[in-house]
Amino acid sequence: MTAVFSHGRLRLYLLKLLDDGPKHGYELIRLLEERFLGLYAPSAGTIYPRLQRLEAEGLVTHTAAGGRKVYEITDAGRAELRQRADELSTLENDIGAAVEDLSALAGEIRTEVRGSVRDLKRELREVARQTRQSGWTASATTRPAHSGGPARPDESPLLADFDQRLAAFTVEVGALVRARRLSDNQLRTAIRLLDGALEGLRRLLR
């Protein structure tokens, strides 16, 4: 979200959120994450230094409550909001557009991942069926060659096809991501989606 919050715009949005009522730092992070539908959340290292600068400028103040600093906008902070009302309106529009772009990108990646996961599940089930038919057990595959046990059978053609599909999936997703020139936050979203697909496969193979 670097472009959306460039040139001091995050500072302005923090003032807007605090104008709705006092909040501690993690509440502000959560509200920003909700505004971006969970597709972006600023780090504590992004939020707290800005709050400290706002406080140093007299635009916010804080009190300690339950071991946390609760920040509250001052009259000077409200005055800045009034002076920058047009800029805040433009920022809201830009955030809405960014959320739409992120949602569309997430949808594209989910579609790619779901389709690939379905193919992987189908291939894995077929490999498992072929393995059961051949009588190839885990003990046979790990037995040392000098033990006189049965040799490992030739690799299933389906397993080779699985490897090819997995490699093609990696190339295609990589090309999709690079072609869009994604921001760091969009890349983090893509990584979370891939992690979700991997976790689905882990559950399938348990």
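Analyst: Start with glutamate 80. Its relative accessible area is 12%. Buried means under 20%, so glutamate 80 is buried. Keep in mind that the model is predicted.

User: What makes glutamate 80 and arginine 11 a salt bridge?

Analyst: Their closest N and O atoms are 3.1 Å apart. The cut-off is 4 Å, so the pair qualifies.

User: Why is arginine 11 called partly exposed?

Analyst: Its relative accessible area is 21%. Buried needs under 20% and exposed over 50%, so arginine 11 falls in between.

User: Which residues are joined with arginine 11 and glutamate 80 into one network?

Analyst: Glu57, Arg84 and Glu87 belong to that network, through salt bridges that share partners.

User: Which salt bridge does arginine 9 form, and why does arginine 9 count as buried?

Analyst: Arginine 9 meets aspartate 94 at 2.7 Å, N to O. The pair links distant parts of the chain, with aspartate 94 in helix H5 and arginine 9 in helix H1, 85 residues apart. Arginine 9 has 12% relative accessibility, so it counts as buried. Aspartate 94, at 31%, counts as partly exposed.

User: How do you know that lysine 23 has no salt bridge?

Analyst: The nearest side chain of opposite charge, aspartate 20, is 5.1 Å away. A salt bridge must be within 4 Å, so lysine 23 has none, although it is buried. A polar atom of its side chain does lie 2.9 Å from the backbone oxygen of glycine 21.

Terms used: Residues are numbered from 1 along each chain as its sequence is written. This is a predicted model: local features need pLDDT of at least 70, side-chain atom pairs count only at pLDDT 80 or more; totals for chains, interfaces and linings use all residues. Side-chain values use heavy atoms; hydrogens and water are left out. Buried means under 20% relative accessible area, exposed over 50%, partly exposed in between (1.4 Å probe, protein chains only). Lys and Arg count as positive and Asp and Glu as negative; His and the chain ends are not counted. A polar contact is a pair of N or O atoms within 3.5 Å; within protein, one must be able to donate a hydrogen and the other to accept it, and residues adjacent in sequence count only if both atoms are side-chain atoms. Helices (H or I, at least four residues) and strands (E, at least two) are DSSP runs, numbered from the N terminus.
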